[in-house]
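Please read these notes with the structure open beside you. They take up the charged pairs and then the sheet.

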Amino acid sequence: MSVLRDTVNYVLNLGAPVFVPIIMLIIGLVARLKTSKAVKAALTLGVAFSGMTLVVNYMMDSISPAAKSMSKLFHLSLNAIDAGWTGVAAITWSYKSAFLFFPLLLLINFVMLTFNWTKTLNVDMWNVWNKIFTYVVVYYITGNAIFGFLVASIQIIFELKEGDMWQRHIEDLTGIPGVTVPHLIALFAVLLMPLNKLLDFIPVMNRPADANALQKKIGIFGDNTVMGAIIGALLGLGAGYSVSGSAKLAIEAAAAMTLFPMISKLFMEALSPIADAMNTMMKKKFKGREIFIGLDWPILAGRNELWVTVIILVPIELIMAMLLPGNTVLPFAGIINLSFVVAALLLTGANLWRMITLGIITTPIFLYGATYFAPIITRLAKTTGAVKVQSGQQLSWSTFEAPDFRLFFAQAFNGQWWAMIMVVVWVLGFVWLYIDQNKIPVPSKRYITNLGVTDLDETKKDDVKTQQVKSDLNGEITDLDGLNFSNVSKSKPAKIFTINDLDGMDFSNVKK
């Protein structure tokens, strides 16, 4: 057992930029991709992960001090320290049973692939930690380790099924074929789904509102770089920065917003040949069956709608932390709400107005979730000894990942009747989401103008108009087969009659 633990820990300690490319190299070779192409793809993927990690950290390091400064201006003083997802993940990996969840994920994934219950092969092993954390939450609430493993297994199943559900939307948003995101944070879409459906009744929410559409409407102010600079400057001024400090934050935000889509292209370059080789192999061996490669959420980080939304939500989170009665968590390390925005991006098809609206509505859920789970996170920190918590303080995570799923399932297994009802409602909500996302148009074709054409691409618009003209024709080109046009000659155009030409004509002998 100790050998297994040490092996798993060693592999995971390599980190996603090393571990995931190794896995993808093996997959590429198994799929009979040329060795040179497989090696290059794996290395490019490692570069993409490293680059995206650098830019994400750069963005968070720039925004977090502004958030801290803003909290001082608001005179916020709350006793639960926000460790963010990185802090909670580090503590969770220190838990004594952590290594058992690596084979658990592989086993469930293998069984579901074998019986064709999923198309997703999840290679995102780093995020095994969120299954471990679910186990800890359930174990601490119920006192039963078996229940903890059971709920973690249920989570894995839902993640694989959402991987199937999101794949075509992710391909449309990123341009990367054959990949998906089987991550717990995207399951927050179950809770967002009914709210998003209500937004269907607001006309402005049904218009194209991704970064490209906005740029066409507002010109240079919709450009990635300019938009980042404006948001960074406003955030700096709101945090009480000097003009120079605000200008510095503006440039940092602009740099990140410019680099995100550039780095996202590396994911496409790395993953496309592997995905193609994998699907070719599966079609030969399993009669046309598809397999999707499950990766971490950063493959979506090239979408600037994601970053615009989370930055706009920063002051809103701080204001709500101050005003919400009973909240004990001061947003700091987790101020960038990735736990919300990935699900919102996928569910809304990168519609900024919807994403921001949903973010404002659901921010209290995360703050109250962080308050509720603070004692559990504090206990985990003390049990593992990974973090020292001062007396009278608690440790938490202001944008707690999947607070709805973990609360409902943990308390349901604890015997709470209300939680059992909410589990049933949540599962039905997932079924609704799954059915809806499998039939709804992909993001680039979802928001329609009064012409029946999206504003995203003028070329596509022309194509659609051409199709509309064709559909208006009464006949088809095949109806001309067999007709003889040999005697047709060029002549003067026929006279065009008007209503006045009917005057004096006799129609008395015309029969119906």
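1. Helices here are DSSP runs of at least four residues, numbered from the N terminus. By that numbering, Glu252 and Lys248 both belong to helix α11 (residues 243–285), and because they are four residues apart, about one helical turn separates them. The model is a predicted one.

2. Glu252 and Lys248 form a salt bridge, with 2.6 Å between the closest N and O atoms.

3. Asp164 is buried, with a relative accessible area of 11%; Lys161 is partly exposed, at 21%.

4. Which parts of the chain does the pair Lys131 and Glu159 link? Lys131 sits in helix α6 (residues 129–142) and Glu159 in helix α7 (residues 145–174), 28 residues apart. The closest N and O atoms of this salt bridge are 2.8 Å apart. Lys131 is buried, at 3% relative accessible area, and Glu159 is buried too, at 1%.

5. The whole structure has eight salt bridges. Asp210, Arg303 and Glu305 are linked in a network of salt bridges.

6. Now the sheet. Three strands form an open, parallel sheet in the order β2-β4-β3. The edge strands, β2 (120–122) and β3 (179–180), each pair on one side only. Two bridges join β3 to β4 (residues 292–294), and Thr180 has Gly294 in β4 as its bridge partner.

Definitions and conventions: Residues numbered from 1 in each chain as written. Predicted model: local features only at pLDDT ≥ 70, side-chain atom pairs only at ≥ 80, totals over all residues. Heavy atoms only, no water. Pairing = 2+ DSSP bridges. Salt bridge = Lys/Arg side-chain N within 4 Å of Asp/Glu carboxyl O. Buried < 20%, exposed > 50% of the residue type's maximum accessible area, 1.4 Å probe, protein only.
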